[in-house]
Amino acid sequence: MMEAKQLIEMNNRRRTELTPENEKYYSDFLIYIRLQFFLSEQQSEEILMEILDHIIEGQKEGKTALEIFGNDPKAFADELIAQIPKENKRNLARFISSLSLNMLGYLLMIRGAIIYIISFFKDVDITVYPAKSVLLFFIILGVSLFSAWAIFKIIGGSLFLEKKNSAADTVKAAVVGMTAFGVIFSSSHFLPNVGPNFDFSWYFSLVIGFLVWGASRFLKNW
Amino acid sequence: MSLRSQLLKGILDGCILAVIEKEPVYGYELSKKLQNAGLKDVSEGTIYPVLLRLQKNSYIRGEMQPSESGPNRKYYYLTDTGREALREIAMEWEEIVIPANFLLKMGDSK
């Protein structure tokens, strides 16, 4: 059995065999299917590989992807999506927890590094208020997931169009990014420092961040 | 939808299972075999949603294997459940086709 990761590599390799016209047709189709976050990755990659193989074989007979799969690739993709099994809950839970841990790890490491650098120039307050930090972490996580979802939407909307409106999409993506930054920045600024607290030095932050990051890598490849 | 394509839609599952019963095939090969058998209206894309559905019902299973002409391909095999389903479809088909043939031919000879 080939794993999804191997299928993706094979897909990348074989996609170079497509004519420019077929490449355009297929790549929109590919992105559209891969954006379906809740579908089984394995099954999605298998069907994507089959379609790619079919187009390559058709090419050899002088047929274009448009002739083979019709002029409504989105409708065809939707038909497939309706039949692709959902990703199983355990894989999904593992993916999301690995992503959250990964982010937590980076946040802690970045905090450590910043405090270390700033401490050369001035005294840094290293007090941590767990209640605020936990709340802030979930706000950052929520905002990140929402931004990812919004960006996916923008990409999804840009597919299968004759003329791509990339300027408008760039503006939309920038608005998403700035909103996300605004929410995170103002939460960290305005949330009160209440409850129990302790000192959390830069090297502890760095070491624990590294461990958490390692755990997220482990969870991802497990 | 034309009568022809409606009929075809109803029986396409059976035709695909029948092709796979003879020997394991991959997607492109399957579409060629259906067309060579005379089912010219089966547009090549239509087989893929059907293949996914048949897999979900465990009538067929796919396996990635090296093919004669190069790359690894997903070959479809009939399962025992699929064999059962194929027999049932074939039986029901006969129950319709034989009387329908009879009636239509009678109309012809008048």
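1. Start with Gln83(A). Gln83(A) is buried, with a relative accessible area of 17%. Buried means under 20% relative accessible area, exposed means over 50%, and partly exposed is in between (1.4 Å probe, protein chains only). Gln83(A) sits in helix H5 of chain A, residues 73-83. Helices (H or I, at least four residues) and strands (E, at least two) are DSSP runs, numbered from the N terminus. Setting aside neighbours within four places in sequence, Gln83(A) is in contact with Pro49(B), Leu52(B), Arg53(B) and Lys56(B). Contact here means heavy atoms within 4.5 Å. Gln83(A) and Leu191(A) are 108 residues apart in sequence, and their C-alpha atoms are 46 Å apart in space.

2. A word on the basis. This is a predicted model, in which local features need pLDDT of at least 70, side-chain atom pairs count only at pLDDT 80 or more, and totals for chains, interfaces and linings use all residues. Residues are numbered from 1 along each chain as its sequence is written, chains are lettered from A and ligands numbered from 1 in the order in which they are written, and side-chain values use heavy atoms, with hydrogens and water left out.

3. Next, Glu57(A). This residue belongs to helix H3 of chain A, residues 41-60. Glu57(A) is buried, and its relative accessible area is 13%. Its contacts, leaving aside neighbours within four places in sequence, are with Tyr28(B) and Arg73(B).

4. Now the make-up of chain A. It has nine helices and two strands. Along the sequence they follow the pattern α-α-α-α-α-α-β-α-α-β-α. Of the 222 residues of chain A, 36% count as buried. Among contacts between residues at least 6 apart in sequence, 83% join residues at least 24 apart.

5. The overall form of chain A deserves a look. Its radius of gyration is 23 Å, whereas a compact globule of 222 residues would have one near 17 Å. The radius is taken over C-alpha atoms, and the globule rule is 2.2 Å times the number of residues to the power 0.38. The C-alpha atoms of chain A fill a box of roughly 70 × 40 × 30 Å along the principal axes.

6. Chain A is divided in the domain assignment into domain 1 (4-83) and domain 2 (89-221). Such bounds come from an automatic or database domain assignment. The C-alpha centres of domain 1 and domain 2 of chain A lie 33 Å apart. Their contact takes eleven residues from domain 1 of chain A and ten residues from domain 2 of chain A.

7. Turn to chain B. It has four helices and three strands. From the N terminus on, the order is α-β-α-α-β-β-α. The C-alpha trace of chain B spans about 55 × 25 × 25 Å along its principal axes. Of its 110 residues, 38% count as buried. Residues 24 or more positions apart account for 43% of the contacts in chain B with a separation of 6 or more.

8. Last, Gly14(B). This glycine lies in helix H1 of chain B, residues 3-22. Gly14(B) is buried, with a relative accessible area of 8%. Not counting residues up to four places away in sequence, Gly14(B) touches Leu86(B) and Ile89(B). Asp41(B) is 27 residues from Gly14(B) along the chain, and their C-alpha atoms are separated by 16 Å.
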